Amino acid sequence: MGHPVEHASRGAAGSELPPGQRLQRGWPVTHYGPVPKFRPERWEFRVFGATADGDAHTWNHERFTALPYTTVVADLHCVTKFSMLGAEWGGIPARTVLELAPPASEVTHVMVWAEYGFSSNLRLADFAAERTLFATHKDGELLTAEHGFPVRLVVPQLYAWKGPKWVRGIEYMTADRRGFWEERGYHNIGDPWKEQRYSYQEGPGDGPGV
Ligand SMILES: Nc1nc2c(c(=O)[nH]1)N[C@H]1C(S)=C(S)[C@@H](COP(=O)(O)O)O[C@H]1N2
Ligand SMILES: [Mo]
């Protein structure tokens with residue numbers, strides 16, 4: 001995948017561990033705050049902000065989960081240094097959402113919004129990456145509540161906090177803005193292969209002021 005091999009070791013699934021990460025057996029639950037209760041009749045997935053047509057686009061749960069399903073094998077790297085390798089995630093590619101509810105041409109970043117106001121900001125290129133997925137399943141099974149049911153974002157090339165669990169929508173932005181953890185000391189970009197863990201490591205151009 002073009003990652004520097006001298007900094008990496010081989011994982012069980014043939015994936016590699018980014019620098020400073022260790023392999024985790026099993027799948028721990030890591031998040032801030034309580035696990036939200038899923039209420040299908042109130043749930044909607046909302047695309048808003050700088051859309052191409054100026055309108056917000058929404059899907060209810062039935063329509064969102066009826067969008068074309070695909071699988072992506074991807075690792076999960078927590079900034080607290082554990083990694084889970086080789087999970088098979090199933091769900092709806094971010095690119096499908098970009099096609100069905102396109103951003104205006106000036107859009108540079110996306111804020112991903114989850115229950116309770118949790119958020120994470122992504123560069124449009126990271127959101128639009130081929131493997132970025134709104135996951136509903138892992139290894140063929142529906143996500144459990146604590147792992148993000150009904151929908152979580154998976155951004156394979158970034159640390160796991162960049163992938164909110166319990167996603168409720170995205171906001172197209174014409175300038176960068178920090179999300180929840182990015183405001184609280186985590187790196188604005190979050191590339192695990194560059195060990196971009198903390199905001200104090202940011203260089204000029206990596207992000208807006210804290
Ligand atoms: N909504 C929400 N999503 C979140 C978080 C959170 O605090 N809230 N934590 C992130 C972090 S730091 C990690 S490591 C992963 C953990 O996912 P898991 O609990 O399924 O292992 O979820 C991410 N998604
Ligand atoms: Mo994490």
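Predicted model: local features only at pLDDT ≥ 70, side-chain atom pairs only at ≥ 80, totals over all residues.

The lining of the largest pocket comprises 18 nonpolar, seven polar and three charged residues.

**Pocket**
- The volume of the largest pocket is about 540 Å³.
- This pocket is lined by 28 residues, of which Thr30, His31, Tyr32, Phe118 and Trp181 are the closest to its centre.

**Sheet**
- Five strands form an open sheet with mixed pairing, in the order β5-β4-β13-β8-β9.
- The edges are taken by β5 (57-60) and β9 (119-123); each has a single partner strand, so one side of each is left without a neighbour in the sheet.
- From one strand to the next, the twist averages 15 degrees.
- Strands β8 (residues 109-114) and β13 (residues 167-173) run antiparallel and are joined by six bridges.
- His109 has Met173, in β13, as its bridge partner.

**Nonpolar cores**
- In soluble globular proteins, nonpolar side chains tend to be buried together.
- Here the largest nonpolar core contains 26 residues. The residues with the most contacts inside this core are Phe45, Val47, Phe64, Phe127, Phe134, Ile170 and Tyr172.
- At least two residues of this core come from each of β4 (44-49), α2 (94-100), β8 and β13.
- Another core, of 12 residues, lies apart from the largest one and includes Val72, Ala74, Met84 and Leu143.

Methods. Residues numbered from 1 in each chain as written. Chains lettered and ligands numbered in written order. Heavy atoms only, no water. 1 Å grid on protein atoms, 1.4 Å probe; cavity = no way out; pocket = protein on both sides within 12 Å on 5 of 7 lines; lining within 4 Å. Points joined across faces, edges and corners; volume = space filled by probe spheres on them. Nonpolar A, V, L, I, M, F, W, Y, C, P; charged D, E, K, R; others polar. Pairing = 2+ DSSP bridges. Helix = DSSP H or I, 4+ residues; strand = E, 2+ residues; numbered from the N terminus. Axes fitted to C-alpha atoms, helices over the stretch in contact; angles between N-to-C directions. Core = buried A, V, L, I, M, F, W, Y, C linked by side-chain atoms within 4.5 Å. Buried < 20%, exposed > 50% of the residue type's maximum accessible area, 1.4 Å probe, protein only.
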